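I open this notebook to record what I looked up in one structure. The entries follow the order in which I took up each topic.

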Amino acid sequence: MEFDVIVVGAGLSGLVTTAEVAEAGKKVLLLDQEPEASLGGQAWWSFGGLFLVNSPEQRRMGIKDSRELAWQDWLGSAGWDREGDEDAWGKKWAEAYVDFAAGEKRAWLGSLGVRFFPIVGWAERGGYLAEGHGNSVPRFHIVWGTGPGIVAPFEWKVRNAMKSGLVDYRPRHQVHELITHDGVVIGVRGSILVPSSAKRGEESSREVIGDFEFHAQAVVVSSGGIGGNHELVRANWPSRLGKPPKTMLSGVPAHVDGRMLSITERAGGRIVNRDRMWHYTEGIKNWNPIWAKHGIRILPGPSSLWFDARGQRFPAPNFPGFDTLGTLKAIQQTGYDYSWFILTKKIIEKEFALSGSEQNPDLTGKSIRMVLSRAFAGIPDPVQAFLDHGEDFVVAHTLPELVAGMNKMIGEPLIKLSDIERQIMARDREMENKFNKDLQITALRGARHYLGDRLIRVATPHPFLDRKNGPLIAVRLHIVSRKTLGGLQTDLSGRVLDSMGNPVPGLYAVGEVAGFGGGGLHGYRALEGTFLGGCLFTGRQVGRALTKL
């Protein structure tokens, strides 16, 4: 055969797999339907957050973490209830991944030149009991250089292997079929697409100019999830989260279309946990979109008040940054596809960050001077751009003006001033003492005990209706499609399994298309920082397994 391994998809997991196999001296064909400008896939656009356990960064911040605590959090979040079947391998991958995150993950990345921002973030705080969902401690380690910073070392390895002839990278090659012979996957067939000058993330042409067929000892599917295919998202939407949204924004480009899932299924691979997915609830329309329905996620601190479409505050623990899917369920139960933050200028200055490499020029550009400015007063430039140009923001000096602006935005008087005023005044009364019964205030005061939050993530608690803290700001929040938590079921070598639980010879899967490992490493909920990590881990594991062919 001309190649030892064919890798379908040049995102992060595909790059890691390719780099590992080529490093062992084997020849790899790397195919992708997008132009070369999109090398690195979704990872390039990411904030670059990675889940690490008991890291030096944590210890320097006074965080006491352990493998045991991390596994307790993972179990409470995953909620596996299909362990005899669909969850059988996902749970095994999860345990191996937590061991990796608590063990050699940081040193391995360090050997590749990856460095981390010194302040550890606290994403998915949970808000339930000790054995429930959420991170008990901050574990969100931001790569210095964000998404491009985590892609770079693996792209460098792949490009070096291309120069030596061990990697043949062919963009604009769209796979339509996995070739099988006597039940063994031996190659791929597909179409060569017209060359495209589309920039990274932009939708590219699907005009066909030729065909291809290649053979290899093994084929690795690394094509990502379904987040860019809203029809497929709705078709798989779980009833436990309410009705699927009629309108959604896209947190991923259009090429994240889920095509290879059905193609692999036709070749004998089994898809499990189709109903498990991860979508964000704090989305705003990108005022300067790169792809269709481009949504940006707000990474909020815990102080903003969260209201439904009719202006009723969500109950505990549906606070910003606590339980993504729990809040998604609460929103969908209202019968509307959107919700609202109400906050103050003091809060937006300290607590609003935007997800994505392009929305964080200081971290992406590795500018120490710009990063240090986060600790001082002032609205970050990317956030200010949304205030100036975005269609989802209302700014007002008085509450009546704010509510009037919210109703004008949605085109009907759905929100009553008396309701909003009553709830905010009640909240402000709770600020008069160091003790209170409002769990959100308790939570934000607790968050400020962590130095990292106090420095750059959580505003000093204050009353909303004191005009010196204003102006007031309302943000309309949309649901943003994002991650697929289920996928192709794989064993710990990444071999794709069939409906009987047996490996499909010659077929492997990595990254999101495999549910980040085993067809569902996360179970029902994720702890954040684990999506990039799942791509890294599965790519590494499978790449090393393939070197033994």
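Entry 1, terms and basis. I take helices (H or I, at least four residues) and strands (E, at least two) as DSSP runs, numbered from the N terminus. The model is predicted, and I note that local features need pLDDT of at least 70, that side-chain atom pairs count only at pLDDT 80 or more, and that totals for chains, interfaces and linings use all residues. Residues are numbered from 1 along each chain as its sequence is written, and side-chain values use heavy atoms, with hydrogens and water left out.

I looked up P471 and found it in the loop between α18 (451-456) and β17 (472-484). The bond that joins G470 to P471 is a cis peptide bond, with omega about 5°. I also found a cis peptide bond from A316 to P317, where omega is near 0°. P317 sits in the loop between β13 (305-307) and α10 (324-332). I then turned to D182, in the loop between β6 (173-181) and β7 (184-193). Its phi is near 55°, a positive value in a residue other than glycine.

I recorded 19 helices and 20 strands. The C-alpha trace spans about 75 × 50 × 50 Å along its principal axes. The radius of gyration, taken over C-alpha atoms, is compared with a globule rule of 2.2 Å times the number of residues to the power 0.38. For 549 residues a compact globule would have a value near 24 Å, so the 23 Å of the chain agrees.

The domain assignment, whose bounds come from an automatic or database source, gives domain 1 (3-223 + 485-547) and domain 2 (278-480). Their centres, taken over C-alpha atoms, are 31 Å apart. The contact (heavy atoms within 4.5 Å) takes 33 residues from domain 1 and 31 residues from domain 2.

Domain 1 and domain 2 bury about 2700 Å² between them, with 65% of it on carbon and sulfur atoms. Which three residues supply more than any others of the area that domain 1 buries against domain 2? I found W45, R125 and W144, which supply 26% of that area.

I counted 3 salt bridges between domain 1 and domain 2, each a side-chain nitrogen of Lys or Arg within 4 Å of a carboxyl oxygen of Asp or Glu. I also looked up D323 and R525, whose side chains meet in a salt bridge (3.0 Å, N to O). On the side of domain 1 that touches domain 2, α2 (41-45) and α7 (146-163) each supply at least two residues. The largest share, 3 residues, comes from α7.

Conventions. Buried area = accessible area lost by both parts, 1.4 Å probe.
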